[in-house]
Amino acid sequence: MSDEGHSVGAVAKIAKVTVRTLHHYDEIGLLSPAGRTHAGYRRYVDTDLDRLQQILFYRELGFPLEEIAAILDDGSVSPTEHLRRQHQLLTDRISHLQELATAVEHAMEARRMGIQLTPEEKFEIFGEGYQESWEQEAEQRWGNTEAWAESQRRTGGYGKADWQRIQAEMTELNTRLAAAVTAGEPADGTLAVDLAEEHRQHISRNFYDCTFTIHRGLASLYVSDPRWTKTYEDLAPGLAQWLHDAVLANADRREQA
């Protein structure tokens with residue numbers, strides 16, 4: 001019996017836990033204070049505080065109380081070994097948290113860009129040639145336009161299935177575009193302008209109101225930006241210029257109608 005040591009209230013304040021928690025630890029034998037006052041109140045000494053620190057550490061890492069007791073009561077493990085173990089556990093936790101932080105950053109960026117996909121899903125759906133830097137470039141070029149704002153609103157709710165559908169539609173249309181240019185169809189012919197209109201409607205249906213003016217601007221990229229040119233030339237030689245001409249012919253024809 002001694003009044004020396006720390007009271008349960010003082011320990012609770014130091015460790016930032018509740019008195020009820022300390023009482024529970026005592027009741028289950030996880031942390032029983034070394035002494036009691038003459039009145040029967042719990043008194044904690046420095047070794048008790050050391051053990052409490054260990055308990056709270058393992059608790060923070062998600063260990064159940066029963067397992068914590070087994071770890072701390074293992075006489076074959078020295079205090080130094082406990083520290084090594086804790087260092088490794090912390091290192092693993094930090095690595096895991098960094099991975100989570102990276103995933104959250106990607107999710108935030110995807111939401112800001114309006115694409116609700118992980119980087120892996122983007123490559124899966126859009127192909128190996130896809131580059132995430134294109135998204136930043138697009139925002140820099142068109143981020144202050146109404147079309148960009150509309151696209152962000154609409155695609156913000158798209159999931160993987162939506163992007164798979166959109167990509168499948170685009171792939172099917174590209175196949176027909178490639179077949180038309182390979183067959184020698186004129187870029188200002190009926191089939192060409194109808195395909196160009198389908199191309200415009202695909203954009204309007206899924207992203208933003210693609211006016212004829214906007215469509216002409218996009219068509220200019222197909223022949224002026226080597227990346228776009230290559231995309232279409234890989235589908236069929238001459239397709240980039242052919243689609244450019246078909247888009248202009250479609251816009252001219254329909255605006256005059």
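Reader: Where does the charged end of Arg200 sit?
Author: The charged end of Arg200 sits over the ring of Phe212, 4.0 Å from its centre. A charge sits over a ring if NZ of Lys or CZ of Arg is within 6 Å of the ring centre and within 35 degrees of the ring normal. This is a predicted model, in which local features need pLDDT of at least 70 and side-chain atom pairs count only at pLDDT 80 or more, while totals for chains, interfaces and linings use all residues. Residues are numbered from 1 along each chain as its sequence is written, and side-chain values use heavy atoms, with hydrogens and water left out.

Reader: How many aromatic pairs in the whole structure?
Author: The search finds 5. Rings of Phe, Tyr and Trp (its six-membered ring) pair if their centres lie within 6.5 Å; planes under 30 degrees apart count as stacked, over 60 as edge-to-face and the rest as tilted.

Reader: What about Phe57 and Tyr58?
Author: Edge-to-face, with 5.4 Å centre to centre and 80° between the planes.

Reader: And why is the pair of Tyr58 and Phe63 edge-to-face?
Author: Because the planes of Tyr58 and Phe63 are at 75°, with the ring centres 5.3 Å apart. Ring pairs link Phe57, Tyr58 and Phe63 into a cluster.

Reader: Is Tyr58 buried or exposed?
Author: Buried, at 0% relative accessibility; the cut-offs are under 20% relative accessible area for buried, over 50% for exposed and partly exposed in between (1.4 Å probe, protein chains only). Phe57 is buried at 16%, and Phe63 is buried at 17%.

Reader: Switching topic, what is Asp188 in contact with?
Author: Leaving aside neighbours within four places in sequence, Val193, Ala249 and Arg253, where contact means heavy atoms within 4.5 Å.
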